[in-house]
Amino acid sequence: MKSFLALAALSFSLSAQAALDLDALREAVRNRSLAQLSTLASNAAGDPLEMYPRYHLLSAQLATVPPDDEIRAFLARYDGTPLADKLRGEWIATLGKRGLWDQVLAEYPKLDSPAVDAECYAAQAGLARGRNAGAMQVKRLWAIGRAQPDACGPVFDWLFANGQLGTDDVWVRIRDALSRNNTDFARQIAARVGNPPELQNRSLAQAAANPVKALLGYGNAERRATREAALYALSRLARTNPDAAAAWLENRAAGWPAEDRRYGWLQVAEVAAKSRHPQANAWFANGFPALTASGRAWSIRAALRARDINAVLARVEAMPDDEANEPAWRYWKAQALKARQRDAEAEALLAGVASNDDFYGLLALSELKTPVAAPSSLPYRPTEQEIAAMRERPGLTRALALLNGGWRTEGVREWNWGLRGASEPELVAAAMLAQREGYYDRSIYAAERAKTFSDLSLRYPLPFRADIEREARSNGLDPAWVYGLIRQESRFVTEARSSVGAGGLMQLMPATAKWVAAKMGDRNFDPKAVHHAESNLQLGTFYLRYILDRLESHPVLATAGYNAGPGRARGWQEDGSLDAAIYIESIPFDETRDYVKKVLANAQVYRYAFPKAPTMQERLTPIPPRGGVVDAP
């Protein structure tokens with residue numbers, strides 16, 4: 001059976017008149033219309049995006065009658081492009097399902113970014129040909145507490161059959177799955193250890209719904225399944241009653257193996273730390289040293305909240321080197337050393353942290369009283385010829401065409417792919433090209449990779465300046481802070497839309513935008529307005545001011561509240577005052593913690609354009625005690 005691509009008799013000759021209708025392509029892809037895709041592919045010869053209809057035509061046929069020869073022709077013609085890599089990965093999965101192991105082994109090394117299923121098919125192919133190196137690489141995937149593609153199952157079976165994985169590895173994966181509350185997956189894995197009743201649906205459901213009742217039945221410390229089920233129930237109980245979970249561990253787990261008791265304390269302590277329980281720091285001591293990266297991080301955060309400098313220092317020093325060298329923990333180690341009057345050691349650590357351009361790097365710079373470099377002091381400015389050369393770079397040509405046609409995901413992928421291996425001067429030229437085209441997110445992407453070659457005006461641009469300054473000042477807000485927030489929220493992409501539906505420059509949720517519009521007197525709000533820059537800025541700055549007024553007029557609280565909701569931001573306060581950096585570091589949501597750090601770091605850098613803006617230290621005044629009323633959505 002001939003494929004539609006063959007029937008189209010496509011010519012590979014270039015045609016300057018060819019043009020691809022991206023709207024028609026989108027419709028054809030949505031409808032999976034092979035005939036329409038074939039026509040578009042024929043008509044697109046010579047277009048910079050000619051590969052796109054061809055890719056979708058071939059990809060649509062993989063599940064039925066894969067046109068292998070035409071796939072090979074596509075891969076040869078478009079080798080080194082993201083679509084060729086994508087199609088090769090899909091083809092390898094198809095070849096693997098068909099058991100065509102020699103072809104899998106021939107194609108897999110050519111993949112630039114192999115997906116897990118392709119890796120597992122390649123491992124299967126290797127085993128079929130008497131080679132186990134690929135299977136040994138796949139072994140690392142076993143320890144992840146979530147399901148892997150079906151292609152990995154035969155590889156795992158081989159690893160078990162050949163003694164590379166054993167019962168202990170099964171229990172490690174069950175524990176990890178339960179720590180993620182992935183009970184369905186834990187139950188599936190339990191088949192490898194005899195399907196113990198404690199790990200079946202009914203038992204785990206009871207442990208989740210009524211952990212107190214479930215724990216009453218977990219008295220047998222000899223069975224590993226009983227202990228794992230009890231640990232799961234304890235983690236669920238700790239979410240509502242950490243004191244009861246700690247009491248159960250104290251009174252009922254005496255006969256457990258020491259490592260299981262320690263893990264139990266760490267589970268309870270981490271949950272308690274995230275809810276700011278006063279005993280979290282002491283409970284971490286019962287489980288010290290922590291067994292997981294998350295546990296180690298939260299043990300330090302709990303010690304910071306408890307003002308236990310000795311524990312901060314001991315826990316950072318007990319970390320593996322790769323974790324201890326992270327800027328956050330080097331910064332907090334420096335603070336602990338300062339508290340012990342070991343100033344020389346602290347200054348040396350801060351100087352190292354200050355070499356980073358993240359939150360802690362800028363905080364260290366501020367403590368060391370070292371200013372952020374102004375744009376004019378940085379070295380490189382590309383010529384017009386260099387910028388024009390980047391425009392002609394095929395990947396960037398495709399990226400701009402896709403972005404202009406509303407294919408943002410594909411355009412971003414082409415842009416990023418097209419800059420692989422680019423020199424720092426080329427990256428700066430690409431950044432300037434993207435900025436001129438109005439794609440500030442791609443400009444920032446390129447400029448950040450150019451490091452010191454790019455000036456701050458590329459990494460921290462000032463689009464919509466008149467509108468942002470006007471709306472910020474009309475609401476009594478610092479423009480540098482507003483810029484810092486927008487840079488983190490949307491990278492200045494007006495049509496940006498998050499996975500949960502937030503939209504526009506300041507990423508407003510539809511309900512929030514409607515609520516704010518009503519507060520501003522607009523009862524006929526059009527939801528599409530969030531993607532109009534001027535309307536989005538009006539709504540977003542009004543809302544930021546509203547939150548700021550209800551959160552002690554503190555920019556740290558308001559930044560956290562803008563991301564996670566003002567009620568949560570207030571809930572993370574204490575009854576007394578709290579160091580602002582400790583408040584930020586101990587925010588329980590990873591996303592919000594990272595967000596607040598990046599917004600404040602951005603705002604500090606934007607002082608290059610707004611020198612009268614508050615400094616980092618001025619923004620990080622102590623967080624006041626909890627109080628007041630929050631009524632924002």
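Analyst: A disulfide is a pair of cysteine sulfur atoms within 2.5 Å. The model discussed here is predicted.

User: Which residues form a disulfide?

Analyst: The structure holds 1 disulfide. The sulfur atoms of the pair are 2.0 Å apart, and the cut-off is 2.5 Å. The residues are Cys120 and Cys152.

User: How many residues apart in sequence are the parts that the pair Cys120 and Cys152 ties together?

Analyst: Cys120 belongs to helix H8 (residues 116-128), while Cys152 sits in the loop between helix H9 (133-138) and helix H10 (153-161). The link is right-handed, with 85° about the S-S bond. The pair therefore ties together parts whose separation in sequence is 32 residues.

User: Are helices H17 and H19 parallel, perpendicular or oblique to each other?

Analyst: The axes of H17 (residues 258-274) and H19 (residues 293-305) come within 9 Å and cross at roughly 50°. Angles under 35 degrees count as roughly parallel, and 65 to 115 as roughly perpendicular. H17 and H19 are therefore oblique.

User: Over which residues is the pLDDT below 50?

Analyst: The mean pLDDT of the chain is 93, and 94% of its residues reach 70 or more. Where pLDDT is low, the predicted coordinates should not be read in detail. The pLDDT is below 50 over residues 4-17.

Definitions and conventions: Residues numbered from 1 in each chain as written. Predicted model: local features only at pLDDT ≥ 70, side-chain atom pairs only at ≥ 80, totals over all residues. Heavy atoms only, no water. pLDDT = per-residue confidence, 0-100. Contact = heavy atoms within 4.5 Å. Axes fitted to C-alpha atoms, helices over the stretch in contact; angles between N-to-C directions. Helix = DSSP H or I, 4+ residues; strand = E, 2+ residues; numbered from the N terminus. Parallel < 35°, antiparallel > 145°, perpendicular 65-115°, else oblique.
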